[in-house]
Amino acid sequence: MTIEVILGWIASLLCTLILVPQIIKAFTTKHTDDISMYMLLLSVAGNAFWVAHASMTVNIPLIVGAGLISLMSVILIAFKFKFDTRH
């Protein structure tokens, strides 16, 4: 494995972990009022484009990382619909 691929996997892992604490907190507190829906929607859209780009360039670490970030953003969007008190 080349250094570029190793760095790609490390970057994907670290970036993917960004939303894990927020998902855990939202799930345990059942409180999502302070999470921006616009940020989540931009995250899904932006990472979907990264997945498309990475698919065309066959960048597996980026496909995995961006795909997981999109999935976690969708989970937080679902939590917002379920837990947000400002509907």
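Predicted model: local features only at pLDDT ≥ 70, side-chain atom pairs only at ≥ 80, totals over all residues.
**Exercise 1. How many helices and strands does the protein have, and in what order do the elements run?**

*Solution.* Step 1: the protein contains four helices and zero strands. Step 2: read from the N terminus, the order of the elements is α-α-α-α. Step 3: for the overall dimensions, the C-alpha atoms fill a box of roughly 50 × 20 × 15 Å along the principal axes.

**Exercise 2. Determine whether helix 2 and helix 4 are roughly parallel or roughly antiparallel, and describe their contact.**

*Solution.* Step 1: helix 2 covers residues 20-29, and it packs against helix 4 at an angle of about 20°, the two axes being 10 Å apart. Step 2: the rule places angles under 35 degrees in the roughly parallel class; helix 2 and helix 4 are therefore roughly parallel to each other. Step 3: the crossing of helix 2 with helix 4 is left-handed. Step 4: on the side of helix 2, the contact involves Val20, Gln22, Ile23, Ala26 and Phe27, which meet Met72, Ile75, Leu76, Phe79 and Phe83 of helix 4. Step 5: sorted by class, the residues of this contact are nine nonpolar, one polar and no charged.

**Exercise 3. Determine how helix 1 is oriented relative to helix 4, and state which classes of residue form the contact.**

*Solution.* Step 1: the packing angle of helix 1 and helix 4 is about 5°, and their axes lie 8 Å apart. Step 2: this angle makes helix 1 roughly parallel to helix 4. Step 3: helix 1 contributes Val5, Gly8, Trp9, Ser12, Cys15 and Thr16 to the contact, while the residues from helix 4 include Ile60, Pro61, Leu62 and Val64. Step 4: the contact of helix 1 with helix 4 has 10 nonpolar, four polar and no charged residues.

**Exercise 4. Determine whether helix 3 and helix 4 are roughly parallel or roughly antiparallel, and describe their contact.**

*Solution.* Step 1: helix 3 and helix 4 pack at about 155°, with 8 Å between their axes. Step 2: angles over 145 degrees belong to the roughly antiparallel class, so helix 3 and helix 4 are roughly antiparallel to each other. Step 3: helix 3 passes helix 4 in a left-handed crossing. Step 4: among the residues in contact are Met37, Leu40 and Trp50 of helix 3, and Leu62, Ile63 and Lys80 of helix 4. Step 5: the class totals for this contact are 16 nonpolar, seven polar and one charged.

**Exercise 5. Which helices line the largest pocket, and which residues lie nearest its centre?**

*Solution.* Step 1: the largest pocket holds about 190 Å³ of space. Step 2: helix 1 (3-16), helix 3 (37-57) and helix 4 (60-83) each supply at least two residues of its lining. Step 3: the lining consists of 13 residues, and those nearest the centre are Ala11, Ser12, Cys15, Pro61 and Leu62. Step 4: by class, this lining has seven nonpolar, six polar and no charged residues.

Note on methods:
Residues numbered from 1 in each chain as written. Heavy atoms only, no water. 1 Å grid on protein atoms, 1.4 Å probe; cavity = no way out; pocket = protein on both sides within 12 Å on 5 of 7 lines; lining within 4 Å. Points joined across faces, edges and corners; volume = space filled by probe spheres on them. Nonpolar A, V, L, I, M, F, W, Y, C, P; charged D, E, K, R; others polar. Axes fitted to C-alpha atoms, helices over the stretch in contact; angles between N-to-C directions. Parallel < 35°, antiparallel > 145°, perpendicular 65-115°, else oblique. Left-handed = near helix turned anticlockwise from the far one by under 90°. Contact = heavy atoms within 4.5 Å.
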